[in-house]
Amino acid sequence: AGRDQPAVIESSPSSKAHDVGLRDVACALAVALLAGILYIATLQPDLGGPEDTPKFQFLGYVFGTAHPPGYPLYSMLSGVFVHLVPIGPIAYRANLFSAVMAALACASVFLIGRLLGASRWTAGCAALGLASGASFWRSAVFAEVYSLAAAAAGVSLTLLLVWGDRLRPAW
């Protein structure tokens, strides 16, 4: 545009968010697998841990409630996971639930990056950066509510971005 003419910003296909295809889903699964391997290798093996971890390791098994606010979604999902996964003691399975939820959160970060227009490399680096961040990693290797909260937020944002792009009622 010249000096006297206002600039016109046109929407082009390159400025829109990337469509997420099977290759992106495969990359997201690879990110989740890498994060999961990291978390399982460093997972708390048994009962114990910081703060409320021993409580959360047993909470799901009995479908109980923790201190207020009680974390009912965590209690239900970890309870189902602990009862369905026959690996190791109860505390290990509860810790493993956190690792799986953290890996899911990392996969959703990859997909969010792709939906916002990032390259696969950039989205993968962002997701693996989250996976290996000290605070997130610490919460992923023992039974706590933080990994589930991150996974829920990531999956929700992913679905909202897909819905916003496609505007289909099912999304």
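How many helices and how many strands are there in the chain? The model, which is a predicted one, has seven helices and zero strands, and from the N terminus on the elements therefore read α-α-α-α-α-α-α. Of the 171 residues in the chain, 38% are buried. The chain exposes about 9,800 Å², of which carbon and sulfur atoms supply 68%. Among the contacts between residues at least 6 apart in sequence, 68% join residues at least 24 apart.

The interior can be approached through its nonpolar residues. In soluble globular proteins, nonpolar side chains tend to be buried together. Here the largest nonpolar core has 38 residues, and those with the most contacts inside it are Tyr 39, Phe 56, Tyr 74, Cys 106 and Phe 110. At least two residues of this core come from each of helix H1 (22-41), helix H2 (53-59), H3, H4, helix H5 (120-132), helix H6 (134-140) and helix H7 (146-166), while H4 gives the most, with 13 residues.

H1 has 20 residues and reaches 28 Å from its first C-alpha to its last, which is close to the 28 Å expected at 1.5 Å a residue. Its buried residues are Asp 24, Ala 28, Val 31, Ala 32, Ala 35, Gly 36 and Tyr 39. Seen down the axis of H1, these buried residues fall within an arc of 135 degrees, so they line one face of the helix. What covers the buried residues of H1 includes H4, H5 and H6, whereas the face turned away from the buried side carries the exposed residues Leu 22, Arg 23, Leu 29, Leu 33, Leu 34 and Ala 41.

Aromatic rings give another view of the packing. A search of the whole structure finds five aromatic pairs. In one of them, Phe 58 and Tyr 61 have ring centres 6.1 Å apart and planes at 40 degrees, so the pair is tilted; Phe 58 is partly exposed, with a relative accessible area of 46%, and Tyr 61 is partly exposed as well, with 34%. For Tyr 74 and Phe 97 the ring centres are 5.7 Å apart and the planes stand at 65 degrees, so this pair is edge-to-face. Because Tyr 74 lies in helix H3 (residues 72-84) and Phe 97 in helix H4 (residues 90-115), the pair ties together parts that are 23 residues apart in sequence. Tyr 74 counts as buried, at 2% relative accessibility, and Phe 97 is buried too, with a relative accessible area of 3%. Both rings belong to one aromatic cluster, formed by Phe 56, Tyr 71, Tyr 74, Phe 81 and Phe 97.

Which residues are in contact with Ser 98, leaving aside its neighbours within four places in sequence? They are Tyr 74, Ser 139, Ala 140, Phe 142, Ala 143, Glu 144 and Ser 147. Ser 98 itself lies in helix H4 and counts as buried, at 0% relative accessibility. Leu 115 also lies in helix H4 and is buried, at 5% relative accessibility. Although Leu 115 and Val 162 are 47 residues apart in sequence, their C-alpha atoms are 7.4 Å apart in space.

A last point concerns the backbone. Most residues other than glycine have a negative phi. Phe 63, however, has a positive phi of about 50 degrees although it is not a glycine. The place of Phe 63 is in the loop between H2 and H3, and at 46% relative accessibility Phe 63 counts as partly exposed.

Definitions and conventions: Residues are numbered from 1 along each chain as its sequence is written. This is a predicted model: local features need pLDDT of at least 70, side-chain atom pairs count only at pLDDT 80 or more; totals for chains, interfaces and linings use all residues. Side-chain values use heavy atoms; hydrogens and water are left out. Rings of Phe, Tyr and Trp (its six-membered ring) pair if their centres lie within 6.5 Å; planes under 30 degrees apart count as stacked, over 60 as edge-to-face and the rest as tilted. Buried means under 20% relative accessible area, exposed over 50%, partly exposed in between (1.4 Å probe, protein chains only). Helices (H or I, at least four residues) and strands (E, at least two) are DSSP runs, numbered from the N terminus. A nonpolar core is a set of buried Ala, Val, Leu, Ile, Met, Phe, Trp, Tyr and Cys residues joined through side-chain atoms within 4.5 Å. The expected span of a helix is 1.5 Å times one less than its number of residues. The arc is that of the directions from the helix axis to the C-beta atoms. Contact means heavy atoms within 4.5 Å. Accessible areas come from the Shrake-Rupley method with a 1.4 Å probe; for residues, only the protein chains shown count as cover.
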